[in-house]
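Let's walk through this structure together, from one local detail out to the overall picture.

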Amino acid sequence: MTGLLQSLAAIPPAEWAAVALALGYLLLAVRQNAWCWACAIASSGIYLVLFARGGLQMQAVLQVFYIGMAVYGWHAWRGGLVASGEALPVRRWSVARHVIGIGLVLAVGLSNGWVIARSQGGLVPYVDATVAWASVLATWLVARKVLENWLYWIVIDAVAAALYWSQAFYATAVLFIVYVVIAVRGYLAWRADLAQLEVGTAARADA
């Protein structure tokens, strides 16, 4: 316990700031609040520097993608991609789409990990790359308000927590454990919203 407390005390302020902003992003995302994307941009900017310095190459590159997707997500969630100008509704993906998506993530992630492992060695590059590419898919699903994004994040966050802990990003590892719990809450909240939307759509069709 003493060692853990000492490790937490040694965490730089920048990582704590990134953690706070990342937590704000997820909590606002659960509420479908477009301001979540502003938190995402700030958090990713900090993590870009931290991961690059910490040797997690794919996690650093992933932050650049996150920043781009945050801009896209802000536009999409505020009705910029909906013809009516209304907020983007929650939707589902077909099983076939998920199978294709997961297959591509595993193929690209493991291939990417193999390339990095040739210079670094070990298992970390494979986990790093696969988590990164899985996060790319899951973030796209969030931006498009696909319900199942939360199921992806439950798995991704659990694996990422172990990865970050192994690389001494202790505050971030704890954050991702909390993320798992919030992702469950997010799934239930979005599913309830989708159910209300479907009921409303059915009622209008019957009218």
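Which residue with a positive phi follows helix 6? It is Lys145, whose phi is near 55 degrees. Do keep in mind as we go that this is a predicted model.

Let's stay with helix 6 for a moment. Its end C-alpha atoms lie 28 Å apart, and this agrees with expectation because 20 residues at 1.5 Å a residue should span 28 Å. Helix 6 is also mostly covered, with 14 of its 20 residues buried.

Now zoom out to the whole chain. The protein has eight helices and zero strands, so that, read from the N terminus, the order of elements is α-α-α-α-α-α-α-α. Of the 207 residues in the protein, 41% are buried. If you take the contacts with a separation of 6 or more, 70% of them are between residues 24 or more positions apart.

What sits inside? The largest nonpolar core contains 59 residues, and those touching the most other members are Tyr25, Trp37, Tyr47, Trp77, Trp150 and Tyr164. At least two residues of this core come from each of helix 2 (13–30), helix 3 (36–54), helix 4 (57–77), helix 5 (95–120), helix 6 (124–143), helix 7 (149–166) and helix 8 (170–206). Helix 8 gives the largest share, 10 residues.

Next, turn to the empty space. A probe the size of a water molecule, rolled over the atoms, shows where such space is left. In this structure there is one cavity of 30 Å³ or more, and the largest cavity has a volume of about 390 Å³. Helix 2, helix 3, helix 4, helix 6, helix 7 and helix 8 are the elements that each contribute two or more residues to the lining of the largest cavity.

Which residues should you look for there? The lining has 30 residues, and Tyr25, Tyr66, Trp153, Phe176 and Tyr179 lie nearest the centre of the cavity.

Note on methods. Residues are numbered from 1 along each chain as its sequence is written. This is a predicted model: local features need pLDDT of at least 70, side-chain atom pairs count only at pLDDT 80 or more; totals for chains, interfaces and linings use all residues. Side-chain values use heavy atoms; hydrogens and water are left out. A nonpolar core is a set of buried Ala, Val, Leu, Ile, Met, Phe, Trp, Tyr and Cys residues joined through side-chain atoms within 4.5 Å. Buried means under 20% relative accessible area, exposed over 50%, partly exposed in between (1.4 Å probe, protein chains only). Helices (H or I, at least four residues) and strands (E, at least two) are DSSP runs, numbered from the N terminus. The expected span of a helix is 1.5 Å times one less than its number of residues. On a 1 Å grid over the protein atoms alone, a cavity is a set of points where a 1.4 Å probe fits but cannot get out, and a pocket is an open set with protein on both sides within 12 Å along at least five of seven lines; lining residues have an atom within 4 Å of a point. Grid points are joined across faces, edges and corners, and a volume is the space filled by probe spheres set on the points. Contact means heavy atoms within 4.5 Å.
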